[in-house]
Amino acid sequence: MLTLKLAIRNLARNTRRTVLTVILIGFSLSALILVDALSLGMLDILVKSITKNVVGEAQIHKPGFRQNLDVDLYLADTQNIRYTLDQDTTIAAYSERVISGGMLSSSYNVATGLLYGINAEAEGQVTQLPAAIIEGQYLSGKTGEILIGNKLAELLEISLGDRLVVTLSEADSGELAQALFRVSGIFHFGIEGIDKGLVFTNLAQLRSVIGITSQQSHEIALRFTDPSLATLPSTPVFTQLNSDQLETLNWLELNKPIASIIEMSGLSSIIIGTILFILAGLGVINSMFMSIYERMYEFGVVKALGARPARLAWLILLEAFLIAVISCFAGMTLAYLLGSYAQEHGVPLGEFEVSGIAIDNRVLMRLEIYQFVEYPIYVILLTVAAALYPARFAARIVPTEALQRSL
Amino acid sequence: MVALIETENLCRYFQQSDDIVVKAVDGINISIEPGEFTAIIGPSGSGKTTLLHLIGGLDNPTSGDVFLSGHNIARMSPGQLSDFRRDHIGFVFQSYNLIPVLSAEENIEYIMLLQGIDAATRKARVAETLRQVGLSDYADRRPSNLSGGQQQRVAVARAMASRPDIILADEPTANLDSKTGIALLDVMKELNESFGMTFVFSTHDEKIMKRASRLIHIEDGRVHKDEKKSP
């Protein structure tokens, strides 16, 4: 108890230095929490952009289809798959798709694109396509309807009601087929690749055009009851359906660049955290050394009285621990106040694009419990670790030399 | 009587440069018995403080031995020396050597904390030693709120609280005015006479010399004269 009292009073001995050290460590901790919260906020936008657009949270294909979108690699019998999905309580919704690359011709221009045949209602439960319509109507199931992105509409110089001729290959035979559509809706996802390269029409019509049956399709997009299930290998759909005939991939596996970005964001947090902690650690070492040099004579006396080196080291470490605890409270309070505001109002970062995905000008931070538990523990451990060197120095003070310094 | 302190051919040399060796203590043989009130005197640089540090186990001799209560402290490891100092030797230094953030009673208690003495015994001894040095009313004051003489009395109380075999005092009155210095010496002399506490001072203070029962004169690291006064 007396040692604790001594440590506390030693910290109060030079209030300015203690406060400066607390500010340094506290700011480092709050910066780390806020950077992590901002990073999570940006990831949320990325993940939402991906999983709520055409990708969904996971997809089922015939192996090899994703590599070159070969129209011949379709799922031959989706009935059994649908049955499995219907029984799976982790699946909230799924949408069958027929996909084919084709040439899109308007009266003014020609472009290539991916044609998606979808079930309008099912698709609306898996992705946000209905909500992305900015002009016209979502698909109603009528023959001849087609949805195109606003960028593609600009390229083809067409608008609602205009005709669009699609030329594509039939499955299995490879024969060319053509179909006439009228633009029924224009969508905008904010992702260049989708807005400029995809068109959506009704599933039945596209099946008919490429010559496959109602039990056949190229892709089934999934939405889980809990989005986090998508990245768990143990989720039933992955363990039950993956085989040499079926390939079930989650959104991370379907978006390697985004997976890299997410991995990098974790790495960037580690790098930023390391830099901040090194700076804070150097501050602690400096502060503790100044404190030791000020008390050199005192330490000489205490050692002369019979204090063992370990007791002096313990005192220094205890002082560092107390500084760390105070700093953590200060840092967490600051991070909580700023983070809570930014969680509600967002951080204005301007508009920018990450891997083709437009980030709005406000990123909502995401505060998590672990940021207020794990990071403070790291800060305390690092601060105490940084104090080991000064503590060792104090422990090795030779009484006669220390006493002579002030005599 | 069995000697409390005994030095045998004690030497402490400092290598100042390649060809200059300072012989701070050079072959000293002294013997101090329990209950003595001894002053080690001599001019500045004569080796008084070095001798006191060697006797107190704060410094290691270049050669020779120091026996304290029969233990050869010159042969002890640093850890053993720490424990030995803590349990057998009390120190009073020239500068006011109290821990500034602790009160008078906490300063006294601290040495007992190092000894691992239980809280109740610590409290009792603190009260007792503060009473012995006449500072019972100043127990909760920090050093900055005590005069120089009061601080040295607390230092004496701290030295006594650990129940040492001997108290070593390095010029304890050097920073005190004459009147305060005399008052401090009276306290120490009374402790010596009442409780048989052994004191060894390094000093060139005439007041200590007059009260000492024995004067050991040091010059150039050697005992120049050793005179015992009759009681």
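Which residue of β8(B) is the bridge partner of B:Ile89? In this predicted model, for which local features need pLDDT of at least 70 and side-chain atom pairs count only at pLDDT 80 or more, while totals for chains, interfaces and linings use all residues, the partner is B:Ile166. Residues are numbered from 1 along each chain as its sequence is written, and chains are lettered from A and ligands numbered from 1 in the order in which they are written.

**The sheet of chain B**

β7(B) and β8(B), the latter spanning residues 166-170, pair in the parallel sense over four bridges; strands are DSSP runs of E with at least two residues, helices are runs of H or I with at least four, both numbered from the N terminus, and two strands pair if DSSP finds at least two bridges between them. Both belong to an open sheet of six strands in chain B, ordered β7-β8-β9-β4-β10-β11, with mixed pairing. Because β7 (89-92) and β11 (222-228) of chain B each have a single partner strand, they stand at the edges, and one side of each is left without a neighbour in the sheet. On average, neighbouring strands of this sheet are turned by 15° against each other, direction ignored.

Two packed helices are described by the angle between their axes and the distance between the axes. Axes are lines fitted to C-alpha atoms, for helices over the stretch in contact, with angles running from 0 to 180 degrees between N-to-C directions.

| Item | Value |
|---|---|
| Axes of α2(A) (residues 15-51) and α14(A) (residues 309-345), approach | within 7 Å |
| Axes of α2(A) and α14(A), crossing | roughly 45° |

That angle makes α2(A) oblique to α14(A), since angles under 35 degrees count as roughly parallel, over 145 as roughly antiparallel, 65 to 115 as roughly perpendicular and the rest as oblique. Among the residues that meet are A:Ile25, A:Phe27 and A:Leu29 in α2(A) and A:Ile326, A:Met332 and A:Leu338 in α14(A), contact requiring C-beta atoms, placed from the backbone, within 7 Å. The residues of this contact divide into 16 nonpolar, seven polar and no charged; Ala, Val, Leu, Ile, Met, Phe, Trp, Tyr, Cys and Pro count as nonpolar, Asp, Glu, Lys and Arg as charged, and the others, Gly among them, as polar.

**Between the chains**

Chain A brings 18 residues into contact with 22 residues of chain B. On the side of chain A that touches chain B, two or more residues come from each of α1 (2-13), α13 (296-305) and α17 (399-406) of chain A, and α1(A) gives the most, with five residues.

Technical notes. Two residues are in contact if their C-beta atoms, placed from the backbone, lie within 7 Å.
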